[in-house]
Amino acid sequence: MTARVIRGGLVFDADKDDFVAMDVLVEDGLIAGLGPDLVAEQSLDATGMYVTPGLIDLHCHIFNHPLYNNSRLDADRIGVSQGVTCLIDTGSAGPLMIDAFKEFVIDRQQTAAFALCNIGSPGLPGLTGGHSSTPELVSLAGTVKAIERNPEWILGVKVLASSSHTGLLGIEAVKIGRKAAELTNTPLMVHLGNAPPLVEEVLDLLRPGDIVTHAYHGKVGGVLGYGGIVIPEFKAAVARGVIVDIAHGRSSFSFDTCEQALQQGMPVHTISSDLHRGNIDRYVVSLARTMTKFRTLGMTLAQVVRATTVTPAAALGLGQHGFGKIEIGQAANISVFRETSEQRELEDSEGEVRLSNCWIEPVHAMVRGRLYDAEANI
Ligand SMILES: [Zn+2]
């Protein structure tokens with residue numbers, strides 16, 4: 001592979017939590033130099049653009065298998081084509097089907113792809129309309145063995161703590177997920193949804209490093225209690241190191257809820273899309289658009305970049321795969337985007353529309369040194 005310099009951009013410096021004007025030299029798939037006025041055979045003009053560690057979408061659905069319905073998004077469509085370098089499929093497949101993720105996703109796509117294993121054997125095929133994690137379909141042993149078979153790319157356990165998915169199994173589903181995570185020494189990601197189980201009992205089971213996803217949905221019985229006050233169990237979970245993930249989705253992100261949580265000092269640790277076939281054309285569309293929503297809620301660009309690079313990389317141990325940092329000697333996983341002052345309408349999952357104060361526009365994604373152009377207008 002020839003050498004290429006990404007020239008004239010503002011590079012995210014995770015240690016300074018700021019952007020620094022410098023060039024990035026990429027050679028043989030690795031970052032080979034950082035600094036002013038670097039020269040190489042090929043160059044990419046990034047003047048006026050931000051150059052960041054490769055964007056990571058911590059929650060999406062890319063299990064492009066013919067038996068799967070909503071989860072069947074082509075990884076590259078929401079990955080490199082949208083300026084995103086790394087996607088985590090969160091529980092589209094359970095122990096019964098997850099081995100096929102390598103053949104149907106990892107081996108066919110240019111975007112780096114990893115998975116969390118659903119404790120429900122089929123995962124989320126979305127064909128039957130039934131519950132995918134009822135007692136007869138949940139498998140603790142199957143989940144543990146699936147992770148042990150595929151430690152390179154299954155990075156944790158996914159539980160949908162919602163009656164929409166687990167029926168009346170309630171908190172037992174979360175306990176089984178917690179146990180599977182313990183037995184494999186991986187993090188547990190819990191989807192917050194409709195009770196049962198109650199959000200309080202779910203949060204009490206989470207340990208430092210576990211991830212609560214769909215954290216700021218607008219449904220009854222979420223982060224906000226009576227009078228719009230953040231429930232104490234949520235504050236306690238954050239204080240002991242539970243990671244707060246957005247996972248926008250079709251029904252799981254409310255501007256209002258998120259704004260109230262932020263005003264009460266709650267964090268947004270990771271910004272993810274929950275993209276699947278049911279929300280890519282409306283509501284979510286892209287990770288970049290989801291990032292823009294958090295700029296509109298008042299987060300700085302550095303905070304938004306941290307929440308899509310450094311923090312998700314740390315949450316799932318992706319540093320060993322070259323994600324989360326732009327550093328000499330690391331794999332060249334890089335995103336390049338610009339932020340314009342364009343004001344456009346943004347819609348949350350509740351149908352509330354706000355006017356953006358800027359617009360994040362992906363330009364390129366680089367995965368292990370290979371460069372891809374992002375589609376315009378996403
Ligand atoms: Zn999801």
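The model is predicted: local features need pLDDT of at least 70, side-chain atom pairs count only at pLDDT 80 or more, and totals for chains, interfaces and linings use all residues. Residues are numbered from 1 along each chain as its sequence is written.

**Exercise 1.** Find which elements give two or more residues to the side of domain 1 that touches domain 2.

Solution. Start with the domain assignment, which gives domain 1 (4-52 + 328-373) and domain 2 (54-321); such bounds come from an automatic or database assignment. Next, take the contact, with 30 residues from domain 1 and 34 residues from domain 2, where two residues are in contact if their C-beta atoms, placed from the backbone, lie within 7 Å. Strands here are DSSP runs (E, at least two residues), and helices are H or I runs of at least four, both numbered from the N terminus. Finally, strand 18 gives the most, with eight residues.

**Exercise 2.** Describe how helix 3 and helix 5 pack, and list the residues that meet.

Solution. Begin with the geometry: helix 3 (residues 140-149) and helix 5 (residues 171-184) pack at about 35°, with axes 9 Å apart. Axes are lines fitted to C-alpha atoms over the stretch in contact, and angles run from 0 to 180 degrees between N-to-C directions. Then read off the contact: Leu 140, Thr 143, Val 144, Ile 147 and Glu 148 in helix 3 meet Ile 176, Lys 179, Ala 180, Leu 183 and Thr 184 in helix 5.
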